[in-house]
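Visitor: I'm new to reading structures, and I'd like to know where the labels come from. Could you walk me through this one?

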Amino acid sequence: PVLDTEDSWLSVEGPVSIVELALEQKRIHYPLVEHQFVLCTILYAIMRFSLKSLKPLSLFDSKGKNAFFKDLTSIQLLPSGDMDPNVLSIRQQFLVKVVSAAVQTLCSSQKAKEVSEEELFPFEKGKNWPTLAVDLAQYLQISEDVVKRHYVCELYSYGMDHLGEE
C-alpha cells in the first residue's frame, strides 16, 4: 500500500512508525495459521472435556506434524486430500468423543439447575461445541454427516428428544 504523508512529518526524527514497521513484516501463510488454529481448537477441546488417552499429534500425518514447527511466514507442504485411513479413523473417533462429552455436559448442566453453564464456564458463553465439531470435521476431512448423526443420537440417548428433533 502507498502511504501518503504530510510534508511536516517528513522532517520529524525519531524511531520508525509502527505502520512502516508493520509494512516491512513478511506476509504470513494463511493456510499454516489455519492449521495451527485447528491444533489449538483440538487442544482446547481435550482440556475442556478432560479427554484422556488421546495424543493430539496423532490426528495429523507427518506433513501436518512438521508444519507445526515452522515459521508462519514460510510456505509449507500441508496435508493433501489423500489421507491415511487410520488417521481418518482416529480423527472421527476424536470428533465423536467431543460431541459425546458436549452433550453429557449439556445434560448434566440441565439437571443441575442451580448453576447454569455460563456461570460454570464464563469464557465459553455462546460456544456450541457440537457445531464446532462439525466445523472441525471440514478441516479434518471427516464427513460432517457422521458428526451430526452422532450428535442427534446422543441427544436422544440422554432424553433430550426436543433438541434431537431440531
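Visitor: Leaving aside its neighbours within four places in sequence, which residues is threonine 41 in contact with?

Guide: Those would be Leu132 and Leu136. Keep in mind that this is a predicted model. Threonine 41 itself sits in helix 3.

Visitor: And why is threonine 41 called buried?

Guide: Buried means under 20% relative accessible area. Threonine 41 has 8%, so it counts as buried.

Visitor: Let's step back a bit. What makes up the secondary structure of the protein?

Guide: Nine helices and zero strands. Reading along the sequence, you get α-α-α-α-α-α-α-α-α.

Visitor: What percentage of the residues count as buried?

Guide: There are 166 residues in the protein, and 29% of them count as buried. As for the accessible surface, it comes to about 11,500 Å², and 56% of that belongs to carbon and sulfur atoms.

Visitor: How far apart in sequence are the residues that touch?

Guide: Take the contacts between residues at least 6 apart in sequence: 70% of those join residues at least 24 apart.

Visitor: Which residues touch the most other members of the largest nonpolar core?

Guide: That core has 29 residues, and the ones touching the most other members are Ile42, Phe60, Phe94, Leu95 and Val98. At least two core residues come from each of helix 3 (30–49), helix 5 (85–111), helix 7 (129–139) and helix 8 (144–157). Helix 5 gives the largest share, with eight residues. As a general rule, nonpolar side chains in soluble globular proteins tend to be buried together.

Visitor: What does valine 98 touch, not counting residues up to four places away in sequence?

Guide: Its partners are Ala45, Phe49, Leu51, Trp129 and Ala133.

Visitor: Which residues are buried in helix 7?

Guide: The buried ones there are Trp129, Pro130, Ala133, Val134, Leu136 and Ala137.

Visitor: How do you know which side of helix 7 they are on?

Guide: Look at the arc they cover around the axis: it is only 160°, which puts them on the same side of helix 7.

Visitor: What happens just after helix 7?

Guide: There, glutamine 141 takes a positive phi of about 60°. Glutamine 141 belongs to the loop between helix 7 and helix 8.

Visitor: Is serine 53 buried or exposed?

Guide: Exposed means over 50% relative accessible area. Serine 53 has 75%, so the label is exposed.

Visitor: Which label does aspartate 161 get?

Guide: Aspartate 161 is partly exposed, because its relative accessibility is 36%. Its place is in helix 9 (residues 161–165). Not counting residues up to four places away in sequence, aspartate 161 touches Leu155 and Tyr156.

Visitor: Why is glutamate 154 called buried?

Guide: The cut-off is under 20%, and glutamate 154 comes in at 14%, so it counts as buried. Glutamate 154 lies in helix 8. Its contacts, leaving aside neighbours within four places in sequence, are Ser100 and Val103.

Visitor: One last place to look. Which residues make the nonpolar surface patch of about 290 Å²?

Guide: Ile18, Val19 and Leu23 do.

Visitor: How do you know whether isoleucine 18 is buried or exposed?

Guide: Exposed needs over 50%, and isoleucine 18 has 70% relative accessibility, so it counts as exposed. Isoleucine 18 is part of helix 2 (residues 18–24).

Methods: Residues are numbered from 1 along each chain as its sequence is written. This is a predicted model: local features need pLDDT of at least 70, side-chain atom pairs count only at pLDDT 80 or more; totals for chains, interfaces and linings use all residues. Side-chain values use heavy atoms; hydrogens and water are left out. Patches are made of residues with over 30% relative accessible area and no salt bridge: like charges are joined within 9 Å, nonpolar side chains (Val, Leu, Ile, Met, Phe, Trp, Tyr) within 5 Å. Accessible areas come from the Shrake-Rupley method with a 1.4 Å probe; for residues, only the protein chains shown count as cover. A salt bridge is a side-chain nitrogen of Lys or Arg within 4 Å of a carboxyl oxygen of Asp or Glu. Helices (H or I, at least four residues) and strands (E, at least two) are DSSP runs, numbered from the N terminus. Buried means under 20% relative accessible area, exposed over 50%, partly exposed in between (1.4 Å probe, protein chains only). A nonpolar core is a set of buried Ala, Val, Leu, Ile, Met, Phe, Trp, Tyr and Cys residues joined through side-chain atoms within 4.5 Å. Contact means heavy atoms within 4.5 Å. The arc is that of the directions from the helix axis to the C-beta atoms.
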